[in-house]
Amino acid sequence: MASNADSSTSQANTSTDDARGELTAQLDELLNTLSNKFAGVSSEIFAKMDEMSRRLDNLEAQLAASNKNQGSS
């Protein structure tokens, strides 16, 4: 009878370990997915900021050129 109790305990521990392993794998997958999405959003934001910076630089150059033309006329 004692061996049956040991066997039940061993099976319970194995199923608990399997559940923990599955949960760990799912959490790892979720974290990887979130990390990839965050990286994608971050790179999109940086690309838009670079584009905005470039457009502002062009606008400043146009304003400076316009001021020079008005000053020399």
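This note goes through the predicted model point by point, from its overall make-up to single contacts.

1. Basis of the model. Residues are numbered from 1 along each chain as its sequence is written. The model is predicted, so that local features need pLDDT of at least 70 and side-chain atom pairs count only at pLDDT 80 or more, while totals for chains, interfaces and linings use all residues, and side-chain values use heavy atoms, with hydrogens and water left out.

2. Fold and surface. The protein has one helix and zero strands, where helices (H or I, at least four residues) and strands (E, at least two) are DSSP runs numbered from the N terminus. Of the 73 residues, 1% are buried, with buried meaning under 20% relative accessible area, exposed over 50% and partly exposed in between (1.4 Å probe, protein chains only). The accessible surface is about 6600 Å², and carbon and sulfur atoms account for 56% of that area, as computed by the Shrake-Rupley method with a 1.4 Å probe, for residues with only the protein chains shown as cover.

3. Nonpolar patch. Leu23, Leu27, Leu30, Leu31 and Leu34 together form a nonpolar surface patch with about 480 Å² of accessible area; patches take residues with over 30% relative accessible area and no salt bridge, joining like charges within 9 Å and nonpolar side chains (Val, Leu, Ile, Met, Phe, Trp, Tyr) within 5 Å. Within this group, Leu30 lies in helix 1 (residues 2-72) and counts as partly exposed because its relative accessibility is 46%.

4. Annotated segment. An unreviewed UniProt entry places the feature "coiled-coil region" at residues 42-69, in the numbering used here, with feature names shortened and annotations that may be inferred rather than shown by experiment. In the model, residues 42-69 are 100% helix and 0% strand, and their end C-alpha atoms lie 40 Å apart.

5. Salt bridge. One salt bridge (a side-chain nitrogen of Lys or Arg within 4 Å of a carboxyl oxygen of Asp or Glu) is found in the whole structure. Glu51 pairs with Arg54, with the closest N and O atoms 2.5 Å apart; the two are separated by about one helical turn, because they are three residues apart in helix 1. Glu51 counts as partly exposed at 34% relative accessibility, and Arg54 counts as partly exposed at 42%.
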